[in-house]
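Biologist: I have a new model open and would like to learn how to read its features. Please take me through them one at a time.

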Amino acid sequence: MALRSFNAIAFACVCYVAFFIVASCRPATFLEDFRVTWADNHIRQLDGGRGIQLVLDQNSGCGFASKRQYLFGKVSMKIKLVPGDSAGTVTAFYMNSDTDTIRDELDFEFLGNRTGQPYTVQTNIYAHGKGDREQRVNLWFDPSADFHTYSISWSHTRIIFAVDEIPIRVYKNNEARGIPYPKQQPMGVYSTLWEADDWATRGGLEKIDWKKAPFYAYYKDFDIEGCPVPGPANCPSNPNNWWEGPAYRSLTPTQARNYRWVRMNHMIYDYCTDKSRYPITPPECIAGI
């Protein structure tokens, strides 16, 4: 049994589905399905609740999260990032197990830039408490000019980070080779806007210009398709979940071509090739991620 939630950032409904039979359905609202985690006076509903604005100023950043956790599935949202001189800001969209010691986490972090420079998206993966698996890609468009869709697909076999359905990172399950893979802990869905000018832009060389504040990021069309926890115990292991199907166990030819294009033309950092940090190549890099 899987849950599909079209967030009330755009009016929709949440349905429980078993073997393609709808058992119940209700309208979803931002207040019903999400909670403010940080600085509620810096989060504003727009257009009658169909959009959300996050605000960063010298007083605070802000964030929100799903009220429920999920184990496998796909999450996505449309985001319009901070425009203009956004150096030192970070807009994040991620999944997190909310556990202190053995953390699982799947990160999108959008690193602000000086006006005219490309926006960089950093992805990271924590599995069984181990992270430090950063990759960075310069986006090939201006993500502050319009909304674009960012998604995380998570199954038993692989994790895919995608931008407008173009894969920018694939992380395979190589547990058979002794490499940790997140599959035991459910994760919530989070988003934040915050100041990180000690590292975010050119390694901290470019500082945030508070004269440009406040900084705004916009969200809409939030979507979760996955197994809610707590929820039906057999959902995460159900092979009939669409994200576990044969068609989703590997990239399509078009996806594979786009993925190669991104890595060849837009990737600017890959921990797998950083010999200063990893003189010995991490095992997942050798296994093929």
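Modeller: Let's start with a neighbourhood. Leaving out residues up to four places away in sequence, Glu105 touches Tyr94, Met95, Asn96, Asn124, Ile125, Tyr126 and Met187, where a contact means heavy atoms within 4.5 Å. This is a predicted model, in which local features need pLDDT of at least 70 and side-chain atom pairs count only at pLDDT 80 or more, while totals for chains, interfaces and linings use all residues. Residues are numbered from 1 along each chain as its sequence is written, and side-chain values use heavy atoms, with hydrogens and water left out.

Biologist: Where does Glu105 lie, and is Glu105 buried or exposed?

Modeller: Glu105 lies in strand 10; strands here are DSSP runs of E with at least two residues, helices are runs of H or I with at least four, and both are numbered from the N terminus. Glu105 counts as buried because its relative accessibility is 8%. The cut-offs are under 20% relative accessible area for buried and over 50% for exposed, with partly exposed in between (1.4 Å probe, protein chains only).

Biologist: Which residues does UniProt give as "active site"?

Modeller: The unreviewed UniProt entry places that feature at Glu105 and Glu109. UniProt positions follow the numbering used here, feature names are shortened, and annotations may be inferred rather than shown by experiment. The entry, also unreviewed, places a "glycosylation site" at Asn113.

Biologist: What surrounds Asn113?

Modeller: Asn113 sits in the loop between strand 10 (105–111) and strand 11 (120–126). With 7% relative accessibility, Asn113 counts as buried. Apart from residues up to four places away in sequence, Asn113 touches Gly84, Asp85, Ser86, Ala87, Pro118, Tyr119 and Thr201.

Biologist: Now for the whole fold. How many helices and strands does the protein have?

Modeller: The protein has 3 helices and 18 strands. Of its 289 residues, 54% are buried. Among contacts with a separation of 6 or more, 64% link residues 24 or more positions apart.

Biologist: How should I read the nonpolar cores?

Modeller: In soluble globular proteins, nonpolar side chains tend to be buried together. A core here is a set of buried Ala, Val, Leu, Ile, Met, Phe, Trp, Tyr and Cys residues joined through side-chain atoms within 4.5 Å. The largest has 52 residues, of which Phe93, Leu106, Phe108, Tyr150, Ile152 and Trp154 touch the most other members. A second, separate core of 5 residues includes Val170, Leu251, Ala256 and Tyr259.

Biologist: Which residues of helix 2 are buried?

Modeller: Ala256, Tyr259 and Val262 are the buried residues of helix 2. They lie on the same side of helix 2, because they cover an arc of only 125° around the axis, taken from the directions from the helix axis to the C-beta atoms. Their cover includes strand 12 (135–138), strand 15 (166–172) and strand 18 (267–270). The face turned away from the buried side of helix 2 carries the exposed residues Pro253 and Met264.

Biologist: What span should helix 2 have?

Modeller: Expected span is 1.5 Å times one less than the number of residues. The 13 residues of helix 2 (residues 253–265) should therefore span 18 Å, and the end C-alpha atoms are 18 Å apart, which agrees.
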